[in-house]
Amino acid sequence: MAQNNQTEKVKFYLEKFKSLIPQIGNIEIGISYAVQEADLYEVSGNFREAISILEQIAKTYEEFYMPEKAKLYQEEIKKLQQKL
């Protein structure tokens, strides 16, 4: 939806999703939300905010001893930094 210029609809769904995170209580759900939010920032051209969110995701995976997943996000961060 974000890539089809439906950002208002995306923001609405993200807010709904965010409100459900505490009820579900799963790290993957929170990260899933953050990834969607980063994607929205990337599509809108706000690469710095997208990078900031992805850095938090990578750090979270490192803290939970998931270095392979952290590395995936670190690589994505490098790609976005090239767009700055």
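Some ground rules. The model is predicted, so I discuss local features only where pLDDT is at least 70 and side-chain atom pairs only at pLDDT 80 or more, while totals for chains, interfaces and linings use all residues. Residues are numbered from 1 along each chain as its sequence is written, and side-chain values use heavy atoms, with hydrogens and water left out.

Start with the overall layout. The protein chain has four helices and zero strands, so in sequence order the pattern reads α-α-α-α; helices here are DSSP runs of H or I with at least four residues, strands are runs of E with at least two, and both are numbered from the N terminus. The chain has 84 residues, and 26% of them count as buried. Buried means under 20% relative accessible area, exposed means over 50%, and partly exposed is in between, with a 1.4 Å probe and protein chains only. Taking contacts with a separation of 6 or more, 43% are between residues 24 or more positions apart. A contact means heavy atoms within 4.5 Å.

Next, the core. The largest nonpolar core holds 16 residues. A nonpolar core is a set of buried Ala, Val, Leu, Ile, Met, Phe, Trp, Tyr and Cys residues joined through side-chain atoms within 4.5 Å. Ile31, Leu54, Ile57, Tyr61, Tyr73 and Leu80 touch the most other members. Two or more residues each come from H2 (27-43), H3 (47-63) and H4 (67-82), and H3 gives the largest share, eight residues. In soluble globular proteins, nonpolar side chains tend to be buried together.

Now H2 itself. Buried residues in H2 are Ile31, Tyr33, Ala34, Val35, Ala38 and Leu40.

How do the helices pack? For angles, axes are lines fitted to C-alpha atoms, for helices over the stretch in contact, and the angle runs from 0 to 180 degrees between N-to-C directions. H2 and H3 pack at about 160 degrees, with axes 8 Å apart. That makes H2 roughly antiparallel to H3; the cut-offs are under 35 degrees for roughly parallel, over 145 for roughly antiparallel, 65 to 115 for roughly perpendicular, and oblique for the rest. Residues in this contact include Ile31, Ala34, Val35 and Ala38 of H2, and Ala50, Ile53, Leu54 and Ile57 of H3.

The axes of H3 and H4 come within 8 Å and cross at roughly 165 degrees. H3 is therefore roughly antiparallel to H4. Among the residues that meet here are Phe47, Leu54 and Tyr61 in H3, and Tyr73, Ile77 and Leu80 in H4.

For H2 and H4, the axes come within 13 Å and cross at roughly 10 degrees. That makes H2 roughly parallel to H4. Glu28, Ile31, Val35 and Glu42 in H2 meet Lys69, Tyr73, Glu76 and Leu80 in H4.

Two loop residues are next. Gly45 lies in the loop between H2 and H3, and its phi is positive, near 90 degrees. Gly45 counts as partly exposed, at 40% relative accessibility. Gly45 and Leu84 are 39 residues apart in sequence, yet 9.4 Å apart C-alpha to C-alpha. Tyr65 is in the loop between H3 and H4. Its phi is near 55 degrees, a positive value in a residue other than glycine. Is Tyr65 buried or exposed? Tyr65 is exposed, with a relative accessible area of 74%.

Glu37 is in H2 and is partly exposed at 21%. Glu37 touches Leu14 and Ile53, not counting residues up to four places away in sequence. Glu49 is in H3 and counts as partly exposed at 32% relative accessibility. Its C-alpha atom is 10.0 Å from that of Asp39, 10 residues away along the chain.
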